[in-house]
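Subject: Structure for you to look at

Hello,

Here is the structure I promised to pass on. Please open it alongside this note.

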Amino acid sequence: YLKISKLALAFAIIRSKPPGKSSKEYIEYLAKTVSEQDFGWKWKVEVLEAEVLRLRQELLLNRISPRFCLENRRQDTSAETLLGEESINPTSYSSQLEDSGCDVCNDSAFDSLGIASDFHQSEHNVNTSKHWLERVPPLNLCHSSKEQSLTAPVQFLQRLLEIRKLSEGGILQADFSELENDSFTIWNSVSQLLDGLTVFYNSPKFPAPSILTEGVSVLISLITDTKLSNHVLKKCFRKIEDFKKNLIQIILRNRSVNRFQALHSVSQTLGLLGRNNVLRNSLISLLLSEVRQFAEQLLEAHQVQSVYDITQYENIFLLCMTLEQLLQNETQESNISSSDYGGEEKIKFLKNLDQIILHLSDEFPLFSLYLWRVSVLLNSGQMQ
């Protein structure tokens with residue numbers, strides 16, 4: 001029946017083709033027309049889904065704190081005016097992209113993207129009860145390109161964080177138990193935020209847009225807030241784990257000539273994610289696995305005198321520095337038990353490590369030094 005139907009369709013197309021066109025050209029024209037119609041419907045569906053999510057976000061915020069949403073609506077006009085001013089005069093960041101041979105391992109490299117400095121500044125700006133209502137734009141969809149993927153979730157999560165701050169200061173009453181009743185909205189919003197950040201990091205542009213700074217700040221604030229982090233991790237742990245894996249692969253696979261400034265910002269984001277104790281443990285395990293695998297591959301290439309991936313060799317140092325930073329933080333926070341982190345990966349990493357360092361130390365002294373420093377932190381008494 002299916003073969004007969006296909007044959008009948010083919011005959012119908014041939015008999016109805018306009019003069020001057022071959023059957024192949026007519027079929028290609030029909031296929032293009034149908035695909036364009038499908039694309040139009042898909043776009044309409046995406047717009048409607050985004051609108052539904054926006055309404056659910058507003059409803060959830062209203063359930064958590066009705067007074068906050070009421071006061072925020074009164075400030076919509078001034079917020080839209082301010083948004084327009086900011087779009088005309090955007091925040092200025094360093095636009096100089098450093099050469100691949102330049103050293104960017106310093107405190108200013110990450111600040112060139114505006115993320116670290118803005119994040120530390122946001123930690124001190126807690127006295128923002130009415131000023132925040134005046135500067136945060138209303139939830140909307142009026143954004144283009146890949147910035148749209150970040151703007152909507154950032155705005156919603158910023159409002160959620162501000163409600164948290166105001167309720168902690170006694171300015172607002174808020175019921176955060178409502179987050180348990182609407183897991184879809186939280187998961188979808190955080191997922192959009194993580195996907196949007198991944199898109200930006202995969203194809204960075206300079207100067208970095210302010211929405212990237214806001215997105216990273218919102219994400220770190222969510223996972224470090226004592227009241228909200230449990231809700232976020234409970235619903236989005238797997239998504240955040242995938243995000244960490246994506247960032248690691250972005251660092252390892254990037255082959256552009258001028259890449260170190262962008263990759264340094266990615267490694268700094270990984271370090272910020274490690275501020276959460278739950279995420280830190282799994283992140284250390286991931287980094288131990290990647291560094292160990294590369295060390296074994298490098299040793300094998302060295303023993304048989306084969307060619308190794310020089311680009312990946314250059315990139316692996318960012319993972320080593322991030323790993324060392326996380327392990328140092330772990331040793332400094334003696335009040336936190338670290339016995340459950342990366343046990344299996346820790347054993348695999350330390351196994352035969354002395355032999356690997358011995359064979360690689362002459363040809364790759366810097367990488368061998370990093371391996372030794374990581375092993376010292378793993379074997380220190382505070383890490384037992």
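This is a predicted model: local features need pLDDT of at least 70, side-chain atom pairs count only at pLDDT 80 or more; totals for chains, interfaces and linings use all residues.

Overall make-up

The chain is helical: 18 helices and zero strands. It has 384 residues, and 43% of them count as buried.

A helix pair

Start with helix α2, residues 23-64, and helix α10, residues 183-202. They pack at an angle of about 120°, and their axes are 10 Å apart. The crossing of α2 past α10 is left-handed.

Which residues make the contact? From α2 come Leu-53, Arg-56, Gln-57 and Leu-60. From α10 come Phe-184, Thr-185, Ile-186, Asn-188, Ser-189 and Gln-192. By class, that is four nonpolar, five polar and one charged residues.

Aromatic pairs

The whole structure holds 10 aromatic pairs. Two of them share Phe-367.

A ring pair is described by the distance of the centres and the angle of the planes. For Phe-294 and Phe-367, these are 5.6 Å and 90°. The pair is edge-to-face. Phe-294 lies in helix α14 (residues 277-303) and Phe-367 in helix α18 (residues 365-379), so the pair ties together parts that are 73 residues apart in sequence. Are these two residues buried or exposed? Both Phe-294 and Phe-367 are buried.

Now turn to Tyr-313 and Phe-367. This pair is also edge-to-face, at 6.2 Å centre to centre with 65° between the planes. Tyr-313 belongs to helix α15 (residues 310-332) and Phe-367 to helix α18, so here the linked parts are 54 residues apart in sequence. Tyr-313 is buried, as is Phe-367.

Both pairs draw on residues of one aromatic cluster. Its members are Phe-294, Tyr-308, Tyr-313, Phe-317, Phe-364, Phe-367 and Tyr-370.

Best wishes

Key:
Residues are numbered from 1 along each chain as its sequence is written. Side-chain values use heavy atoms; hydrogens and water are left out. Axes are lines fitted to C-alpha atoms, for helices over the stretch in contact, and angles run from 0 to 180 degrees between N-to-C directions. Helices (H or I, at least four residues) and strands (E, at least two) are DSSP runs, numbered from the N terminus. A crossing is left-handed if the near helix is turned anticlockwise from the far one by less than a right angle, and right-handed if clockwise. Contact means heavy atoms within 4.5 Å. Ala, Val, Leu, Ile, Met, Phe, Trp, Tyr, Cys and Pro count as nonpolar, Asp, Glu, Lys and Arg as charged, and the others, Gly among them, as polar. Rings of Phe, Tyr and Trp (its six-membered ring) pair if their centres lie within 6.5 Å; planes under 30 degrees apart count as stacked, over 60 as edge-to-face and the rest as tilted. Buried means under 20% relative accessible area, exposed over 50%, partly exposed in between (1.4 Å probe, protein chains only).
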